[in-house]
Amino acid sequence: MPNYQLVYFNGRGRAELCRLIFHAAGVPFEDIRLDHTKGEWPGEWKAKCPFGQLPVLVVDGKMLAQSKAAARYLAREFNLAGKTSWDQARADMFIDEFDDISTELYKISHEKDEAKKAELREKFNADTLPRHLGYLENLLKENNGGNGYFVGDSLTWAGLGIANVYDLLGGTDAPFAKFPLLLALAKRVRENPKVAEYLKTRAQTSF
Amino acid sequence: MPTYKLIYFNARGYGELARLLFAVAGVPYEDIRVERASWPNEYKAICPFGQMPLLEVDGKILAQSSAIARYLAMEFGMAGKDNWEQARIDMVVDSFGDILQDMRVPYLETDPEKKEALVKQFVGESLPKRLGYLENILKENGGGQGFIVGDSLTWADLGVANSVDYLKLMCPNPFENFPLLAGLVQRVREIPQVAAWIAKRPETAT
């Protein structure tokens with residue numbers, strides 16, 4: 001088994017999907033969380049990172065940057081990427097959509113002007129988010145009625161992705177009120193034994 | 001051979017990487033171009049997320065430009081020889097996504113004074129910083145006179161070459177200070193199928 005290190009800050013952020021994939025697959029890894037207040041970042045790591053940013057995945061000493069690239073690599077290694085090349089492409093599509101949602105959230109959290117921030121958040125909650133979740137609900141329904149998975153008939157990293165979006169949106173059912181199939185899938189994934197075990201024990205962090 | 005349709009605006013934009021892949025692979029496809037003035041049209045209802053580009057393969061639908069390009073690259077053998085190379089390619093391609101994110105604000109700014117300052121910051125700081133990392137990645141791959149990942153053409157190389165066309169919207173010579181990247185772009189654009197496609201594709205502003 002290769003030696004895996006995942007390097008990020010102490011938060012879910014852009015590393016959590018990788019962590020969920022490791023845990024769902026039952027594969028051990030070193031979950032390195034750098035504390036910038038102790039000089040651990042930039043520290044020695046920044047110069048080693050392919051783009052000077054975190055997260056990075058280190059596999060037997062070789063580095064991979066970009067959170068989606070790392071997550072896809074792991075998903076493929078652990079048979080969580082989809083069973084056919086078409087299924088894999090469909091899973092990629094869902095992952096990109098989740099990324100679009102989190103990019104909108106990052107824009108809001110990075111907005112310094114409080115008034116503008118409130119305006120962006122309002123638009124996100126009233127319009128952007130329901131639109132994204134609506135598309136996802138429809139696509140889920142198209143896969144055998146929507147009581148299974150996004151892609152094919154087994155868990156893929158797309159399912160782990162929506163479980164992660166659940167946390168990103170605050171960790172409550174509320175944003176999913178009008179999207180029952182999506183909510184049920186997020187919960188099903190979060191109740192998967194290995195995932196549930198991880199969720200119980202993982203560090204509570206602010207992001 | 002499957003029947004392929006690519007549906008996008010009459011623009012390079014988020015559709016061009018797929019078109020370059022079809023061109024290099026020599027695989028025929030229907031290059032459906034929608035004029036901006038006529039969007040949304042009947043295609044919107046079949047777009048999984050309401051947006052183009054869309055790839056139709058024997059009637060089955062795929063959205064999201066990276067997912068589309070990666071699928072085609074895999075089908076056409078231009079995605080890297082193993083999972084690690086595939087991931088390194090994804091890493092390079094995704095970094096251009098970051099560059100595009102940085103580019104959005106200056107590109108969309110309408111106030112001339114603000115725009116000038118934002119463009120200056122992008123062209124002077126954030127772009128060279130990201131290109132510097134890419135130049136290193138290329139250099140670390142056997143000196144940088146070949147391809148950016150592995151030892152044959154992949155969609156990462158096409159992504160690098162394609163980026164020049166949109167970065168030129170911000171500055172005339174984006175890879176001016178990055179000789180290895182500039183060399184790669186030149187090599188890719190000289191590939192006969194790429195050169196032929198660039199010569200025949202519709203001229204569009206973006």
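Helices in these entries are DSSP runs of H or I with at least four residues, numbered from the N terminus. I worked throughout on a predicted model.

**Entry 1**

I located Tyr107(B) in helix 3 of chain B, which covers residues 83–108.

**Entry 2: chain B as a whole**

I counted 7 helices and 4 strands in chain B. Read from the N terminus, their order is β-α-β-β-β-α-α-α-α-α-α.

I next checked the dimensions. Along the principal axes, the C-alpha atoms of chain B occupy a box of roughly 45 × 45 × 30 Å. The radius of gyration of chain B is 17 Å, in agreement with the value near 17 Å for a compact globule of 206 residues.

I also noted the burial and contact figures. Of the 206 residues in chain B, 53% are buried. For contacts in chain B between residues at least 6 apart in sequence, I recorded that 66% link residues at least 24 apart. The accessible surface of chain B amounts to about 9500 Å², and carbon and sulfur atoms contribute 52% of that area.

**Entry 3: cis peptide bonds in chain B**

Where in chain B does Pro40(B) lie? I placed Pro40(B) in the loop between strand 2 (30–34) and strand 3 (54–57). The peptide bond between Trp39(B) and Pro40(B) is cis, with omega about 5°. I found another cis bond between Met52(B) and Pro53(B), where omega is also about 5°. Pro53(B) likewise belongs to the loop between strand 2 and strand 3 of chain B.

**Entry 4: positive phi in chain A**

I turned to residues of chain A other than glycine that have a positive phi. Gln66(A) has phi near 75°. I found Gln66(A) in the loop that runs between strand 4 (62–65) and helix 3 (67–77) of chain A. Is Gln66(A) buried or exposed? Its relative accessibility is 14%, and therefore Gln66(A) counts as buried, the cut-off being under 20%.

Asn79(A) has a phi of about 55°, again positive without being a glycine. I placed Asn79(A) in the loop between helix 3 and helix 4 (85–110) of chain A. At 69% relative accessibility, Asn79(A) counts as exposed, because that class begins over 50%.

Conventions
Residues numbered from 1 in each chain as written. Chains lettered and ligands numbered in written order. Predicted model: local features only at pLDDT ≥ 70, side-chain atom pairs only at ≥ 80, totals over all residues. Heavy atoms only, no water. Helix = DSSP H or I, 4+ residues; strand = E, 2+ residues; numbered from the N terminus. Rg over C-alpha atoms; globule rule 2.2 N^0.38 Å. Buried < 20%, exposed > 50% of the residue type's maximum accessible area, 1.4 Å probe, protein only. Contact = heavy atoms within 4.5 Å. Areas by Shrake-Rupley, 256 points an atom, 1.4 Å probe, with all protein chains shown as cover.
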